Structure formats: structure tokens, C-alpha cells
Amino acid sequence: MDEVHITINKNTIPFDTKSPFVTSGIRVGTPALTTRGMVEEDMLKVAELIDRQLRSEGGEATQVKAEVKALAQQFAMP
């Protein structure tokens with residue numbers, strides 16, 4: 001995800017049966033996105049970009065990175 005400039009954190013999932021030291025999920029810092037003015041529809045686009053990057057195993061990185069940059073440019077920091 002770093003390759004395409006999307007920052008996520010490994011995180012536990014509530015009620016997961018695995019040890020807390022084995023993270024099963026990710027956390028996306030949505031407060032940082034909403035501060036930029038993004039809304040629910042934009043979060044769907046972010047989720048789609050994360051999904052594409054993970055499924056492609058980096059094969060689509062150049063395209064995903066360009067789309068991340070374009071999305072970020074639409075929502076300049078206040």
C-alpha cells in the first residue's frame with residue numbers, strides 16, 4: 001500500500017479468535033480523509049483502490065498510484 005501512497009495500519013478484528021499479536025485486519029485513518037472533505041462515496045473509491053492494489057499484487061501499482069494522486073488533489077488539505 002505504501003507503494004501507491006495509501007497508509008493503513010495492521011489491526012485486530014473484534015471477536016477474532018486469533019491471538020492479539022496476529023493482526024487479521026487493517027485500519028484506514030478515515031478522520032484524515034474526512035478532514036480533507038471526503039464523504040462516504042469517496043471512501044468507497046478509496047476501498048476500491050485498496051482492493052485493486054491488494055488483488056493485483058502490485059501489478060497495477062502505477063495506475064492505482066495515479067488514481068490516488070488524482071483523488072488527493074481533489075481534496076486539498078485545509
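In the predicted model, H5 is exposed, with a relative accessibility of 55%. The cut-off for this class is a relative accessible area over 50%, and H5 therefore falls in it at 55%. H5 is placed in the segment before β1, a strand that spans 8-11. The backbone of H5 has a positive phi of about 65°, although H5 is not a glycine. A positive phi of about 65° is also found at F15, again not a glycine. F15 lies in the loop between β1 and β2, the latter covering 25-28. The relative accessible area of F15 is 85%, and F15 is exposed.

The chain contains three helices and two strands. Read from the N terminus, the order of these elements is β-β-α-α-α. Along the principal axes, the C-alpha atoms fill a box of roughly 40 × 30 × 20 Å. Of the 78 residues in the chain, 24% are buried. The chain exposes about 5800 Å², and carbon and sulfur atoms account for 56% of this area. Among contacts between residues at least 6 apart in sequence, 42% join residues at least 24 apart.

Three helices each supply at least two residues of the lining: α1 (30-35), α2 (40-56) and α3 (61-74). The largest share comes from α3, with three residues. By residue class, the lining of the largest pocket divides into eleven nonpolar, four polar and one charged.

Six salt bridges are found in a search of the whole structure. One of the salt bridges joins the side chains of K45 and E67, with an N to O distance of 3.0 Å. K45 is in helix α2 and E67 in helix α3; the two residues are 22 apart, and the pair links distant parts of the chain.

E60 counts as partly exposed at 30% relative accessibility, whereas R52 counts as buried at 17%. Through salt bridges that share partners, K45, E48, R52, E60 and E67 are joined into one network. The network thus includes both K45 and E67, the pair that links helix α2 to helix α3.

The side chains of D51 and R55 meet in a further salt bridge, at 2.7 Å from N to O. Both residues lie in helix α2, and their separation of four residues corresponds to about one turn of the helix. D51 counts as partly exposed at 33% relative accessibility, and R55 is exposed, with a relative accessible area of 65%.

Helix α2 also holds Q53. Q53 counts as buried, at 5% relative accessibility. With neighbours within four places in sequence left aside, the contacts of Q53 are M1, E3, V4, G58, E60, A61 and V64.

How values were computed:
Residues are numbered from 1 along each chain as its sequence is written. This is a predicted model: local features need pLDDT of at least 70, side-chain atom pairs count only at pLDDT 80 or more; totals for chains, interfaces and linings use all residues. Side-chain values use heavy atoms; hydrogens and water are left out. Ala, Val, Leu, Ile, Met, Phe, Trp, Tyr, Cys and Pro count as nonpolar, Asp, Glu, Lys and Arg as charged, and the others, Gly among them, as polar. A salt bridge is a side-chain nitrogen of Lys or Arg within 4 Å of a carboxyl oxygen of Asp or Glu. Buried means under 20% relative accessible area, exposed over 50%, partly exposed in between (1.4 Å probe, protein chains only). Contact means heavy atoms within 4.5 Å. Accessible areas come from the Shrake-Rupley method with a 1.4 Å probe; for residues, only the protein chains shown count as cover.
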